[in-house]
Amino acid sequence: MDRNVCIIGGGMSQWGVRDGSQRDFFQEAARALYDDVPQLNPKDIDGLLVASAYTERTSYQTHLAPLVAEYVGIKPRSICARVELLCASGSSAIILAFGLIKSGQADIVMVAGGEKLYTPQKWEVFYSELASVDHDWDGPQGLGLPPPVFAMVAKQHMKQYGTKKEHLATISVKNRRNSAKNPKAQFQTPVTMEEVMAGRMIVAPLTLYDCCPITDGAAAVVLASEEKARDLTDKPLVYLRGTAQASLNNMSANMPSWTTWEALKIAASEAYRKAKVEPKDVNVAMTHDCFTISEIIEMEDLGFCKKGEGGPFVAEGQSDFGGRVPTNTDGGLLGCGHPFGGTGIRQGIEVMRQLRGDAVQQVPDATVGLTHNLSGFIAAHTVLIYGREVA
Amino acid sequence: MTTPGISVLDGKYMVTMDLFPQQSKEFNQVHPFYAFLQEGRLCTTRCKDCGAEPFPPRVLCPDCYSTNMEWVDWPTTGTVIDFTEEVVGVPLGFGKAPLVHALVDLQGKKTFFVRIINCAAGELKPGDQVKLAVFDVDSVPQEVGRDVVEMQRVFYAFEPVK
């Protein structure tokens, strides 16, 4: 059995520094999802995958999926498990739901991702980030928090290719402008080029607006076989076309290159091959803008521009509305924030809306959309390609 | 030693909140790495079958999958390729800002991204020589039978050669 798979609906809780618990946010996201797919009876959902990276550390909760199922009022019978790949947990869970439905092991699967990252004392989440890199080797070097890593990436990219601080700032301005129109985003105000350039220093060359925040919140989507999807929604169908995930190293000492993300190139080429598209066919993209420099390198290594030309590409507006590939049209991580397990789900929701034609800021006639996450010490890359038609 | 808000944990050691790796033989098969560090040596494992020298050290060769590994000394000095200085957001446990890191070419063996200590803001530049710096970190109160034994620990960074 090899079936077509659709993403038929999605919803988010409010994202930000939130009052509430992890389980509260999963319920809010589920409510928003149910509102997006009114024909779906949640009791008909047969599978649940939950994406959460820090559930044990900041919510002291394992065995999370049955808890979420109980709280959102569903009774899974095909799959009920949690998926973790830090910042790519959500996208990983979507890939697995896709595979289960495609192969006939499940029919209608909810994929929910989220975190409560802020605790009563704010230092704890930052301390817990020691678990995000190789704890025994990179963690004790003070590399649990990522700004020094991406500052080094930016410095090397500037040195090798002449990328400028103004190029980085273009990304902050674009993504904050987009998040200001997204009512669920953490940041509801735009920033100007002048404000960004005057932002306080974090790790040179990265300043405040180059860095995404830590965020509480959740998001949820439903995937279904094409046959079920036709009964469950009157909106245009959006198909999963192809996905891939690649990892070449984990510890920093084993990075193949700091400025060309080899694992991203592998994940992208595999996803393009399976989706039967090329970079030029992608109309809209959500890429992992944890830092501004990331989005620039992603434009290059996803094949949207030539290697080394990411800076001028974004400065010309090629990753903005009206450009070659509008990117992070909902605000991205820089604007929406980044509750690790929720991010890939949020990206899936925005691409789904862009392809259905009901996005808040619509890319005209978008038919192929892409999402990307990096995770850990730039140690794994995840690429999903969606389309209005099957591959 | 108290833990505010969790009175039952007063005086207890929590591995889940520990910055540093476990270094005793009961909890880590590459414990000799840390004993060598105490002697000022930076070592890794070499595969006796294929000659690979993976870092971090390990029990399984990632190239030929042999478990026939031995310890080998690596250089303890290297050259700075580039550096970063974190001025805001230095995580708990890493002192006052700036927290300095450098990409260090370890004489062709590896390129490490490591913390540079004993180094003032603005002091480091590409091309500088740095050397291994070993320091004591908190010991672990480990249960051994009915006793609790303090297991001494060290860790490493690099520092400028002056």
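A residue is taken as buried if 20 or more other C-beta atoms lie within 10 Å of its own. In this predicted model, A:Val203 has 29 other C-beta atoms within 10 Å and is therefore buried. The residue is found in strand E5 of chain A, which covers residues 201-203. Beyond its neighbours within four places in sequence, A:Val203 is in contact with A:Pro147, A:Pro148 and A:Ala151, and also with B:Thr84, B:Glu85, B:Glu86 and B:Val87 of the other chain. By contrast, a distance of 25 Å separates the C-alpha atoms of A:Val203 and A:Ala185, which are 18 residues apart along the chain.

Helix H6(A) spans residues 147-161, and its 15 residues reach 21 Å from the first C-alpha to the last, close to the 21 Å expected at 1.5 Å a residue. After the helix comes A:Gly162, which has a positive phi, near 75 degrees.

Two of the contributing strands of chain B are themselves paired: E3(B) and E4(B), the latter formed by residues 99-105, run antiparallel and share 7 bridges. Within this pair, B:Phe83 stands opposite B:Ala102. Strand E3(B), residues 77-86, is also joined to strand E6(B), residues 129-144, by 3 bridges in the antiparallel sense. In E6(B), B:Val130 is the bridge partner of B:Gly78.

In chain A, 9 strands form an open sheet of mixed pairing, in the order E3-E2-E4-E7-E1-E8-E11-E10-E9. Strands E3 (79-83) and E9 (284-286) of chain A stand at the edges with a single partner strand each, so one side of each is left without a neighbour in the sheet. From one strand to the next, the twist averages 25 degrees. Strands E10(A), residues 368-375, and E11(A), residues 380-387, pair in the antiparallel sense over 8 bridges, and A:Gly369 stands opposite A:Tyr386 in E11(A). Helix H14(A), residues 340-356, lies across several strands of chain A, including E1, E2, E4 and E7, and runs at about 125 degrees to E4(A).

The domain assignment divides chain A into domain 1 (5-121 + 215-238) and domain 2 (138-213 + 242-387). The centres of the two domains, taken over C-alpha atoms, are separated by 23 Å. Across the boundary, 37 residues of domain 1 are in contact with 34 residues of domain 2. On the side of domain 1 that touches domain 2, E1, H4 (89-102), E4 and E7 of chain A each supply at least two residues. Helix H4(A) gives the most, with 7 residues. The residues on this side of domain 1 divide into 22 nonpolar, 12 polar and 3 charged.

Definitions and conventions: Residues are numbered from 1 along each chain as its sequence is written. Chains are lettered from A and ligands numbered from 1 in the order in which they are written. This is a predicted model: local features need pLDDT of at least 70, side-chain atom pairs count only at pLDDT 80 or more; totals for chains, interfaces and linings use all residues. Helices (H or I, at least four residues) and strands (E, at least two) are DSSP runs, numbered from the N terminus. The expected span of a helix is 1.5 Å times one less than its number of residues. Two strands pair if DSSP finds at least two bridges between them. Axes are lines fitted to C-alpha atoms, for helices over the stretch in contact, and angles run from 0 to 180 degrees between N-to-C directions. Two residues are in contact if their C-beta atoms, placed from the backbone, lie within 7 Å. Domain bounds come from an automatic or database domain assignment. Ala, Val, Leu, Ile, Met, Phe, Trp, Tyr, Cys and Pro count as nonpolar, Asp, Glu, Lys and Arg as charged, and the others, Gly among them, as polar. A residue is buried if 20 or more other C-beta atoms lie within 10 Å of its own, exposed if 12 or fewer, and partly exposed in between; C-beta atoms are placed from the backbone.
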